[in-house]
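Subject: Structure handover

Hi,

Here is the structure I promised to pass on. My notes follow below it.

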Amino acid sequence: MELTGFSDEQLTVRDAVSNICSRFPNTYWQEHDQKEQDPTDFHAALAKDGWLGIALPEHLGGGGLGISEATMMMQTITQSGAGMAGAQAIHANVYATQPLAKFGSEEQVNETIPKIINGTWRTCFGVTEPNTGLETLKLKTLAKKKDEHTYTVSGQKIWITCAQVASKMILLARTTPLEEVKKSSQGLSLFCIDLDRGHPGLDVQKIKKMGGRAVDANEVFFDNYDIPASTRIGAENDGFKIILHGMNAERCLLAGEALGLGYAALEKAVQYANDRVVFGRPIGKNQGIAHPLADAWMKLEAAKLATYHAARLYDASAADESIPMHSVGVAANSAKYLAAEAAFTACERAVLTHGGMGYAMEYDVERYLREILVPRIAPVSREMIMNYVGEKALGLPRSY
């Protein structure tokens, strides 16, 4: 990857995180993928040096840096060979904590954030539901006031990463039934709750999946699960406005993760193209090999520019209220789309460059191809991004 144009802070992050990742070679990730074993020691290594709080306030033990630097960290992790599994092991700790740090009470923040940063607590993000998907405003999980001090939660969440190992969940739930609100964006509240698996009313079931198998994905069932009212972040029914603060950050991080995986795959392909000799010459001498790889590199470089533009815009918007939220949204969604597509191209061509060996686990590129499907699908589909950009950037009629 061309490093010209990055800030000193971003390059320092890249070097420091690369140093940690170097202790976890590809064989580590191959083994954890095959055994579906959580990379606990990788998470602990990043926590030990404070990287889980890279974009959180310094007075809470965080790094006080921005999403620009956090995006570089996530790219560095995936590019090291850790792939999406390595990124997802800490992904929610970085972005899902942003709304909590910004809108949580002093007591919530002081009690929770330092323990997430130092690795005592891992966290997950509870938004997606099986019957609503991308229709976030139609979530059905209900947090009902039981008394002045308690809510009772009932409903189901799906594709919740790290719920098997997380101590905390940032939960978006409906506190006013949809039929009772004037606008669909109303009636949702955000909570930071304990995931107490021994408590009645909570069931966490692991989903078998295609890629990133070192990190768990889950269905989470709530059945009259009691949570303290003090776990609510911000005012009741303001949850959707609050959670938007984390969604654009997540898109930037995912774009960086996709880029890293794409560059990792391309590096493997180039190495193989230089080393593999057929008909008396390296296969990389053949334009049928070289041109697709060169094209993949250019696509990644273009997506890189879009990604770090979006991250800078996100960071700048925190201090400059003149930057419209939809401008940040368009940039972040575009970056996620472009990076995922460019990285998919790179991963697919890396497998094809390896020929039959691309199908073998030891060459890693098959794992990269499985994992790169994640940023193409999540947290928002390609089609919904095009809908959003068509409406917000081009002024076309809303189609959803």
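Helix H10 (325-354) is part of what covers the buried residues of helix H13. H13 runs over residues 382-392, and its buried residues are Ile385, Tyr388, Gly390 and Glu391. Please keep in mind that this is a predicted model.

The peptide bond from Ala378 to Pro379 is cis, with omega near -5°. Pro379 sits in the loop between helix H12 (373-377) and H13. Most peptide bonds are trans, and most residues other than glycine have a negative phi.

Two residues go against the phi rule. Trp159 is not a glycine, yet has a positive phi of about 60°. Trp159 belongs to strand E3 (residues 150-161) and is partly exposed, at 48% relative accessible area. Cys162 is not a glycine either, and its phi is positive at about 70°. Cys162 lies in the loop between E3 and strand E4 (168-174). Cys162 is buried, with a relative accessible area of 3%.

Domains

The chain is split into domain 1 (8-118), domain 2 (123-237) and domain 3 (240-394). The centres of domain 2 and domain 3, taken over C-alpha atoms, are 30 Å apart. At the contact between them, 15 residues of domain 2 meet 10 residues of domain 3.

Aromatic rings

How many aromatic pairs does a search of the whole structure find? The count is nine. The rings of Tyr28 and Trp29 are an edge-to-face pair, because their planes stand at 85° with the centres 4.9 Å apart. Tyr28 and Trp29 are both buried. The rings of Tyr95 and Phe125 are also edge-to-face, with centres 5.0 Å apart and planes at 90°. Tyr95 is in helix H5 (residues 91-95) and Phe125 in strand E1 (residues 123-126), so this pair ties together parts that are 30 residues apart in sequence. Tyr95 is buried at 4% relative accessibility, and Phe125 is buried at 13%.

Two charged side chains lie over ring faces. Lys168 is over the face of Trp121, at 4.5 Å from the ring centre. Arg376 is over the face of Phe344, at 4.0 Å from the ring centre.

His32 is in helix H2 (residues 26-35). Is His32 buried or exposed? His32 has a relative accessible area of 6%, so it counts as buried. A polar atom of the His32 side chain lies 2.9 Å from the backbone oxygen of Tyr28. Leaving out residues up to four places away in sequence, His32 touches Gln37, Asp38, Pro39, Asp41, Arg213 and Ala214.

Leu202 is in strand E6 (residues 202-206). Its relative accessible area is 11%, so Leu202 is buried. Not counting residues up to four places away in sequence, Leu202 touches Leu195, Asp196, Arg197, Val220, Phe221, Phe222 and Tyr225. The C-alpha atoms of Leu202 and Ser154 are 9.2 Å apart, while the two residues are 48 residues apart along the chain.

Thr231 is in the loop between strand E7 (217-228) and strand E8 (232-233). At 11% relative accessibility, Thr231 is buried too. Its contacts, neighbours within four places in sequence aside, are Gln108, Leu190, Phe191, Cys192 and Ile193.

Best wishes

Definitions and conventions
Residues numbered from 1 in each chain as written. Predicted model: local features only at pLDDT ≥ 70, side-chain atom pairs only at ≥ 80, totals over all residues. Heavy atoms only, no water. Buried < 20%, exposed > 50% of the residue type's maximum accessible area, 1.4 Å probe, protein only. Helix = DSSP H or I, 4+ residues; strand = E, 2+ residues; numbered from the N terminus. Contact = heavy atoms within 4.5 Å. Polar contact = N/O pair within 3.5 Å; in protein donor to acceptor, adjacent residues only side chain to side chain. Phe/Tyr/Trp six-rings, centres within 6.5 Å; stacked < 30°, edge-to-face > 60°. Lys NZ or Arg CZ within 6 Å of the ring centre and 35° of its normal. Domains from an automatic or database assignment.
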